[in-house]
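Try each one with the model in view, then read the worked solution.

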Amino acid sequence: MKKVLLVLIIFHSIKISAQEKNCSDFKTGKFKYSDVSWSEIISVRNDSIQSDYYSESDMEIVSKITWLSDCKYKMEYIKVSEKWFEHKIGEVEFIEIVQVNGNKILCRNESYSIEMIKITEQ
């Protein structure tokens, strides 16, 4: 009976650790978005800067990334290539990675959730 209980405890521990998020794998890299309305955007992130490139309009948005924890970060818009989008400079979003599934992450802020797909290492 003790052996069965021990095996169950070990199995449960392995299962829990396998489900833990490993957000640090997504602090850098090149990403695309699964949502078709965001499909023209490619994001390139190093540990502290994210650049979003819009293929259909040649627009670029640069944001400063400050990691608050392993899975939470603050994103502040610091540069935009289009004059009509300059009102975004200084705007801050707080984003949490709420799910990791292979090369995909589900990110959430106070307004929306979006899935990012990591396509290469940075």
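Before we start, one term: a pocket is an open set of grid points with protein on both sides within 12 Å along at least five of seven lines. The model shown is predicted.

**Exercise 1. Describe the largest pocket: its volume, its lining and the strands that contribute to the lining.**

Step 1. Begin with the volume, which is about 300 Å³ for the largest pocket.

Step 2. Look at the lining, made of 21 residues. Nearest the centre of the pocket lie Trp38, Met75, Tyr77, Glu93 and Tyr112.

Step 3. Sort the lining by class: 14 residues are nonpolar, 3 are polar and 4 are charged.

Step 4. Trace the strands. At least two lining residues come from each of S2 (41–45), S3 (49–54), S5 (72–80), S6 (92–101), S7 (104–108) and S8 (113–120).

**Exercise 2. Follow the pairing from S3 through S4 to S5.**

Step 1. Take S3 and S4, which pair in the antiparallel sense over 6 bridges. Here Tyr53 stands opposite Glu60 in S4.

Step 2. Move on to S4 and S5, also antiparallel and joined by 7 bridges. In this pair, Trp67 faces Tyr73 in S5.

Step 3. Check the turns. The hairpin of S3 and S4 has 4 residues between the strands, and a hairpin of 4 residues joins S4 to S5.

**Exercise 3. Find out what sets the backbone of Asp58 apart, and decide whether Asp58 is buried or exposed.**

Step 1. Recall the general rule: most residues other than glycine have a negative phi.

Step 2. Compare Asp58, which has a positive phi of about 60° although it is not a glycine.

Step 3. Place Asp58 in the chain: this residue sits in the loop between S3 and strand S4 (59–67).

Step 4. Apply the cut-off, by which exposed means over 50% relative accessible area. Asp58 counts as exposed because its relative accessibility is 67%.

Key
Residues numbered from 1 in each chain as written. Predicted model: local features only at pLDDT ≥ 70, side-chain atom pairs only at ≥ 80, totals over all residues. Heavy atoms only, no water. 1 Å grid on protein atoms, 1.4 Å probe; cavity = no way out; pocket = protein on both sides within 12 Å on 5 of 7 lines; lining within 4 Å. Points joined across faces, edges and corners; volume = space filled by probe spheres on them. Nonpolar A, V, L, I, M, F, W, Y, C, P; charged D, E, K, R; others polar. Buried < 20%, exposed > 50% of the residue type's maximum accessible area, 1.4 Å probe, protein only. Pairing = 2+ DSSP bridges.
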